[in-house]
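Trainee: I am new to this structure. Please take me through one part of it closely.

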Amino acid sequence: MTFLAIDVGNTRLKWAQYDAPRPGARLLAHGAAFLERIDELAEQEWKSLPAPTAMLGCCVAGEPIRRRVEEQLELWSHLDPSWVVSSAAECGVVNGYDHPGRLGVDRWVAMIGARAHLLAQAPGRPALVVMVGTAVTVDALDETGRFLGGFILPGHGIMLRALESGTAGLRVPTGDVRDFPTNTSDALTSGGTYAIAGAIERMYRNILRRCGVPPVCFLTGGAGWKMAPYLTVDFQLVESLVFDGLLRIAEQRAAERARP
Ligand SMILES: Nc1ncnc2c1ncn2[C@@H]1O[C@H](COP(=O)(O)OP(=O)(O)O)[C@@H](O)[C@H]1O
Ligand SMILES: CC(C)(COP(=O)(O)O)[C@@H](O)C(=O)NCCC(=O)O
Ligand SMILES: [K+]
């Protein structure tokens with residue numbers, strides 16, 4: 001009984017194969033492909049994988065991309081692709097968005113993963129879930145598992161491209177993060193990094209004010225490691241947060257199917 005988890009973002013598809021559809025399952029293989037390369041998965045990375053018994057994914061990259069991923073999944077003819085959609089409540093997480101279905105499903109799944117980590121280590125605490133990918137999301141879960149709301153910011157790449165295309169004088173290589181940047185490259189890189197760090201610190205304080213208890217902060221996403229050195233709040237870097245959420249949802253759905 002192997003399980004394939006897939007997370008399709010706006011830049012890359014991330015996949016991981018586990019020996020079972022439940023949290024704590026053993027990771028058998030994993031990889032990532034830029035969206036320009038997803039049409040090669042069945043011919044390349046996935047070709048040598050043992051056939052997964054079940055698959056669950058989340059996709060924020062749009063319907064055409066999702067269909068292209070499903071074409072690759074046809075490699076395993078018995079497999080019935082299943083995609084999570086954001087809902088009003090799932091796996092103990094309650095969705096406080098005005099229109100729950102409009103919440104990015106990667107955010108929803110990451111929060112479900114974070115909630116499981118939180119319950120295992122610090123029940124009774126709120127959670128702050130930061131995902132640094134193409135965009136950056138900074139989401140708040142209260143101590144009962146209710147999603148209170150969150151920020152969306154441009155990611156590092158989008159910030160730099162926006163500045164480059166909106167100005168005459170900002171076309172410079174990537175710089176270093178400095179407290180007091182003294183050249184354009186460092187000023188741009190530091191500005192982007194501290195904009196994200198500042199949003200995280202603000203949400204930390206928003207949650208503390210709302211809940212009266214400091215949140216446990218989870219950091220994930222392809223560029224999460226880039227932010228790690230610059231955060232002033234305690235955090236846990238959990239690269240697998242979305243996969244952990246998918247495993248949790250898959251376990252829950254299997255239990256529901258098994259119920260008489
Ligand atoms: N090896 C890498 N190649 C390209 N981008 C990387 C790499 N490692 C980290 N990144 C950063 O991670 C981002 C993509 O992260 P990811 O979580 O896959 O995004 P998304 O979920 O939006 O597709 C890129 O925008 C880039 O800043
Ligand atoms: C905010 C996002 C673009 C993040 O995408 P990513 O950086 O993971 O590619 C995605 O979660 C999304 O399309 N959300 C829908 C809008 C919302 O969450 O309100
Ligand atoms: K993502």
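Trainee: Which residues surround ligand 1, and which of them are the closest?

Mentor: Keep in mind that this is a predicted model. Start with the count. Ligand 1 is surrounded by 13 residues. The closest are Thr11, Arg12, Lys14, Thr134 and Gly222.

Now sort that shell by class. Three of its residues are nonpolar, seven are polar and three are charged.

Look next at individual atoms. Take the side chain of threonine 134. One of its N or O atoms is 2.5 Å from an oxygen atom of ligand 1. Threonine 134 is also listed among the closest residues. Backbone atoms take part as well. At asparagine 10, a polar backbone atom lies 3.3 Å from an oxygen atom of ligand 1. At alanine 223, a backbone N or O atom is 3.5 Å from an oxygen atom of ligand 1. How much of the ligand is covered? On its own, ligand 1 has 570 Å² of accessible area, and the protein covers 70% of it.

Which elements build the shell? Strand S2 (12–18) and helix H5 (224–227) each give two or more residues to the shell around ligand 1. Arg12 and Lys14, from the list of closest residues, fall within the span of strand S2 (12–18). On the level of domains, the shell draws at least three residues from domain 1 (3–83) and at least three from domain 2 (89–245). As for its place in the protein, ligand 1 sits in the largest pocket.

The largest pocket is where ligand 2 sits. Around ligand 2 there are 13 residues, and the closest are Asn10, Tyr97, Gly104, Asp106 and Arg107. By class, they divide into five nonpolar, five polar and three charged.

Go through the atoms of ligand 2 in turn. A polar side-chain atom of tyrosine 97 is 2.5 Å from one of its oxygen atoms. A polar backbone atom of glycine 104 lies 2.7 Å from an oxygen atom of ligand 2. For a polar backbone atom of alanine 135, the distance to an oxygen atom of ligand 2 is 2.8 Å. Taken alone, ligand 2 exposes 470 Å², and the protein buries 77% of that.

Finish with its shell. Helix H2 (105–121) and strand S8 (135–141) each supply at least two residues. Domain 1 (3–83) and domain 2 (89–245) each contribute at least three residues to the shell around ligand 2.

Conventions:
Residues numbered from 1 in each chain as written. Chains lettered and ligands numbered in written order. Predicted model: local features only at pLDDT ≥ 70, side-chain atom pairs only at ≥ 80, totals over all residues. Heavy atoms only, no water. Near = heavy atom within 4 Å. Polar contact = N/O pair within 3.5 Å; in protein donor to acceptor, adjacent residues only side chain to side chain. Areas by Shrake-Rupley, 256 points an atom, 1.4 Å probe, with all protein chains shown as cover. 1 Å grid on protein atoms, 1.4 Å probe; cavity = no way out; pocket = protein on both sides within 12 Å on 5 of 7 lines; lining within 4 Å. Sits in = over half its atoms within 2 Å of the grid points. Helix = DSSP H or I, 4+ residues; strand = E, 2+ residues; numbered from the N terminus. Nonpolar A, V, L, I, M, F, W, Y, C, P; charged D, E, K, R; others polar. Domains from an automatic or database assignment.
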